[in-house]
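Let's take a walk through this structure together. Have a look at it, and then read on.

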Amino acid sequence: MISELRVNQRNKEKPDPKGKYVLYRLQIHRRFQWNHALEYAVNRANEHDKPLLIYEGLRCDYPWASDRFHRFIMESMQELQEEAAGRVQYIPFIEYEPGEEPAFYETLASEAVEVISDEYPVFIMREQNNRTAKECGVRYTTVDANGIIPLEATEKAAYNAYFFRKIVQRTFPDFYRAAPDNDPLSNLGNRESLDLPDKIRDGAERSRNDLEDISKCISRLPIDHEVEPVASPGTRKAAIEEFEDFIEHRLDRYHEEANQPDNSAASNMSPWLHFGKISPFEITRRVFEQQPGKWSLDDLVDQNGSRGSYFSDDPNIESYLDEVITWREVGFHFAWHEEEIDTFESLPDWVRETLNEHRSDTRPYVYTLEEFEQAETHDEIWNAAQRQLRREGVIHNYLRMLWGKKILEWTPDPETALAYMIELNNKYAVDGRDPNSYSGIFWCLGRFDRPWPERKIYGKVRYMSSDSTRKKCRLSGYLQRYDSLSQ
Ligand SMILES: Cc1cc2nc3c(=O)[nH]c(=O)nc-3n(C[C@H](O)[C@H](O)[C@H](O)COP(=O)(O)OP(=O)(O)OC[C@H]3O[C@@H](n4cnc5c(N)ncnc54)[C@H](O)[C@@H]3O)c2cc1C
């Protein structure tokens with residue numbers, strides 16, 4: 001049973017019984033497994049006794065569109081196309097000019113009984129869902145498959161992780177029990193093949209050809225070709241392989257060593273989580289399988305928001321699930337409840353007050369966006385983190401915090417710091433343009449945190465330094481690896 005909290009009927013239109021299919025417009029949850037939205041779409045197709053058509057469009061005009069993100073998405077499309085064969089009709093569409101994709105989608109929607117899509121609280125999907133709900137001639141429903149705690153289960157944006165952790169600990173067992181189906185397509189009833197209009201058939205055919213030679217296709221698109229693809233493929237296969245490697249070799253030292261840049265024990269899941277290739281439910285389930293001893297969900301005891309032993313007495317499991325559930329989802333819930341998440345004004349009162357008081361403090365260094373982008377600061381740790389971001393599309397988590405804190409310190413004012421962080425993170429990070437992009441960046445300026453002893457520039461916002469990072473972290477391999485900009 002899919003919780004009603006996950007289902008958002010966006011308009012008052014009725015389903016059209018004359019429609020040829022139920023349309024699932026895939027926007028973010030790029031997987032056929034563990035996906036509440038796909039499960040809901042299959043249920044609706046069965047209810048109408050109509051075939052299901054899964055559509056995924058790739059526009060070329062979204063902010064920060066580049067070879068890096070296009071390749072990641074197209075590799076995923078290739079994989080979904082293979083997985084769909086013989087099971088469901090999957091239509092990919094790759095846009096060559098702005099406007100092509102919306103027109104293609106509208107033609108598809110005009111023949112649908114109803115349309116189901118993914119809920120997502122930020123980036124182009126948020127605006128796209130709001131607009132489509134008004135324009136769609138049939139019922140348009142978005143389904144929240146983002147996390148374990150449904151977005152509608154909270155009433156307001158959490159101001160810190162402790163507040164949200166309290167909600168997690170109160171509600172987790174029930175929401176976790178309502179996991180999505182592992183293989184919703186196996187329940188699909190009507191598998192008739194569809195007779196689609198020429199325009200759709202031709203467009204899909206062109207895109208299928210494009211997927212055969214991704215590099216050639218990408219080179220012709222009006223997107224940023226300077227942000228190059230990363231080595232990790234955008235496939236579910238790659239996500240699962242990496243995750244299994246984490247379970248086998250890194251989970252048992254996560255608590256102590258996730259924050260060590262050399263030989264880090266982090267899971268590296270964020271790019272695939274961001275692109276919806278893997279579900280937090282399956283991650284959590286697999287991690288629970290590593291619980292020592294006999295164990296059941298009924299053993300979880302609400303700790304009233306304290307961390308340490310809610311999910312497990314094993315500190316590795318506890319810390320990892322606290323990141324995947326509390327820290328990941330607090331950002332989603334924040335973005336769901338707050339329209340404005342990316343401005344200085346959206347920061348808590350105490351943060352704005354203290355940063356305003358320190359606006360005119362002299363900055364020891366001030367860099368331009370270009371200097372930051374090219375990793376041309378005086379600080380070798382910062383430069384190494386920026387090079388990792390440019391080259392690999394990720395930054396090690398601990399250094400990502402330092403990276404953001406120093407941008408605050410080395411720009412003329414907090415608004416400039418935020419603008420630079422958003423630009424660099426979303427342009428280069430594979431996991432960027434995510435609710436957690438904004439929670440991570442704004443955490444550097446105090447969101448979800450508490451006041452600390454006052455100091456220059458930062459005021460009461462938590463300070464971090466490269467010197468203390470050097471003392472706390474094993475870094476020599478990391479620094480060597482990212483010592484030059486060459487690829
Ligand atoms: C300045 C800055 C920018 C950030 N930008 C992003 C971003 O664009 N996209 C993004 O997904 N995360 C972002 N983060 C949060 C965090 O850095 C990454 O989620 C984490 O480094 C991903 O690595 P991992 O998958 O190996 O994490 P692991 O430590 O293995 O954790 C597993 C998962 O838990 C979640 N998680 C872990 N740490 C955090 C955290 N601090 N906040 C929220 N969720 C967390 C992620 O989904 C992550 O994949 C940012 C943090 C900072 C300080």
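The C-alpha centres of domain 1 and domain 3 sit 36 Å apart, the domain bounds coming from an automatic or database domain assignment. Domain 1 covers 4-144 + 197-210, domain 2 covers 236-337 and domain 3 covers 344-481. Bear in mind that this is a predicted model, where local features need pLDDT of at least 70, side-chain atom pairs count only at pLDDT 80 or more, and totals for chains, interfaces and linings use all residues. Residues are numbered from 1 along each chain as its sequence is written, and side-chain values use heavy atoms, leaving out hydrogens and water.

So how do domain 1 and domain 3 meet? Nine residues of domain 1 are in contact with 14 residues of domain 3 (contact is heavy atoms within 4.5 Å). About 930 Å² is buried between the two, 65% of it from carbon and sulfur atoms; buried area is the accessible area (1.4 Å probe) that two parts lose on being put together, summed over both. On the domain 1 side, Trp64, Arg68 and Phe69 lose the most area to domain 3, together 64% of what that side buries.

Now for the ligand. It has 23 residues around it, and Tyr254, Ser267, Asn268, Asn397 and Ser437 come nearest (a residue counts as near if one of its heavy atoms lies within 4 Å). The side chain of Tyr254 has an N or O atom 2.5 Å from a ligand oxygen, and for the side chain of Ser267 the distance from an N or O atom to a ligand oxygen is 2.6 Å. Glu323 places a polar side-chain atom 3.0 Å from a nitrogen atom of the ligand.

Conventions: A polar contact is a pair of N or O atoms within 3.5 Å; within protein, one must be able to donate a hydrogen and the other to accept it, and residues adjacent in sequence count only if both atoms are side-chain atoms.
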